[in-house]
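Let's take a walk through this structure together. Have a look at the model first, and then we'll go through some of its rings and helices.

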Amino acid sequence: MDSREGQGIQVPTRIANILVNALKGGVVPRVGLEYITVGRAQEIAAILNDIDMISEGAASFRFIVGRYGSGKSFLLQTIRNYATAKGFAVVDADLSPERRFAGTKGQGLATYKELITNLSTKSKLDGGALPLILEKWISGVQASVKTQTDLAGTDFDREVERQIYAVASSLEGMVNGFEFARAIVCYWQAYQQDDAALKSNVLRWFRGEYASRREAKADLGINFIVNDETWYEFLKIFAAFLVSAGYKGLLVLIDELVNIYKIPNSITRQNNYEKILTIYNDVLQGKARHIGFLLSGTPQCLEDKYRGVFSYEALRSRLAEGHFAADGLRDLTAPIIRLEMLSQEEMYVLVEKLMAIHAQLYGYEPMLGHDDLVYFLTVEYNRVGAETHITPREIIRDFIELVNILHQNTHMSVADVLGSNSFEMAKGGLSDEDIHSEFQEFEV
């Protein structure tokens, strides 16, 4: 690979700023990932195949498993951007002590609220897309009626309402679909009457923000609210509605599965794993359509037989790999996708891309050549404990810090920043022959 490839990147300034600041802070940016994606081609291709199947009416369920800093969150956000570009709506949430799949204090509902709050589409990538989706859908129905008929005035409004009711009726056969359909009709009435307060109340209901059925009944005439038991069914209804509104389907991204593993109470953990099992079974048995789930966690939170997902026997028996997925052989159609750390060659390509983006953002010629990048990576990979503990996240943070310092102190060199004896310390007593071998690994 030509080491100058990364320097040909042209990134919008706003995106470059987000990328540099987010990565320096150790978090995954929500935009611009296509400029720095390295490796993961097979994993991305496998998930994109799932997405194509979802658009045809199927459903999917995957675990993304990897060590801390291995790129799980990065992969999720990359898929998020691919999916929205393909016409999907995407919801995402990080689990926490307050957000779980199930709980006695509304933790399941809290997860649902976070998911709907983060609802994104191609034209609304930063979340909060629900009002836009509803308005766009109604405008689409109106445009369709206008092109198909010569109706005007009251007759036109009646035909629009008839088609909206037809969509609502198609949802009524689903669990809790009748109430969802009532809410859609309420939103149409608010739209027609330009009633901002009613619109706001309907959106609150969709987002699960009503505390009681009595309050919802008083405001909307709907004697039902989303709760810990029904939130997953509502996601399935949302998927069906989104397809009727012109989207390809709904993709659900849930990160930080480790927060289920950390729950101290075994019964509460099992309740959460039971909810995951329900979703998994629905998907594989064809009870869900136009919806996909990606859950992300560490190997420990999946495989620990006392607290992890595999502590729930019904899940372990369904998810455990067969006898042949070993010795570097992977089945990328299996429900678990395991992420290996990026290779040293892939990390070289990544830091080269980051250097070009940093230089473009701050308006200077890239200051580091091939030997400088090799020097930096050699130091990183030869730190004490790096063989088992170094992660792409740490290397990226160190690299951005390095180029920040060099940009602000133009009289300094890489060796000055890393320390004049940094290479001697890093190599840990390697011979000259070993050093040459280390450098050869980066001749990409």
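**Rings and helices**

Y112 is buried, and F234 is buried too; buried here means under 20% relative accessible area, taken with a 1.4 Å probe and protein chains only. Keep in mind that this is a predicted model, where local features need pLDDT of at least 70, side-chain atom pairs count only at pLDDT 80 or more, and totals for chains, interfaces and linings use all residues. Residues are numbered from 1 along each chain as its sequence is written, and side-chain values use heavy atoms, with hydrogens and water left out.

Now for the aromatic pairs: rings of Phe, Tyr and Trp (its six-membered ring) pair if their centres lie within 6.5 Å, and planes over 60 degrees apart count as edge-to-face. The count by this rule is 17 aromatic pairs. One of them joins F61 and F63 edge-to-face, at 5.3 Å centre to centre and with 65° between the planes. F61 has 6% relative accessibility, so it counts as buried, and F63 counts as buried because its value is 1%.

Back to Y112 and F234: they also pair edge-to-face, 6.5 Å centre to centre with 90° between the planes. This pair links distant parts of the chain, with Y112 in helix α4 (residues 107–117) and F234 in helix α10, 122 residues apart. Helices are DSSP runs (H or I, at least four residues), numbered from the N terminus. Ring pairs also tie Y112 and F234 into a cluster with W137, F180, W205, F206, F224, F238 and F241.

Key:
Phe/Tyr/Trp six-rings, centres within 6.5 Å; stacked < 30°, edge-to-face > 60°. Buried < 20%, exposed > 50% of the residue type's maximum accessible area, 1.4 Å probe, protein only. Helix = DSSP H or I, 4+ residues; strand = E, 2+ residues; numbered from the N terminus.
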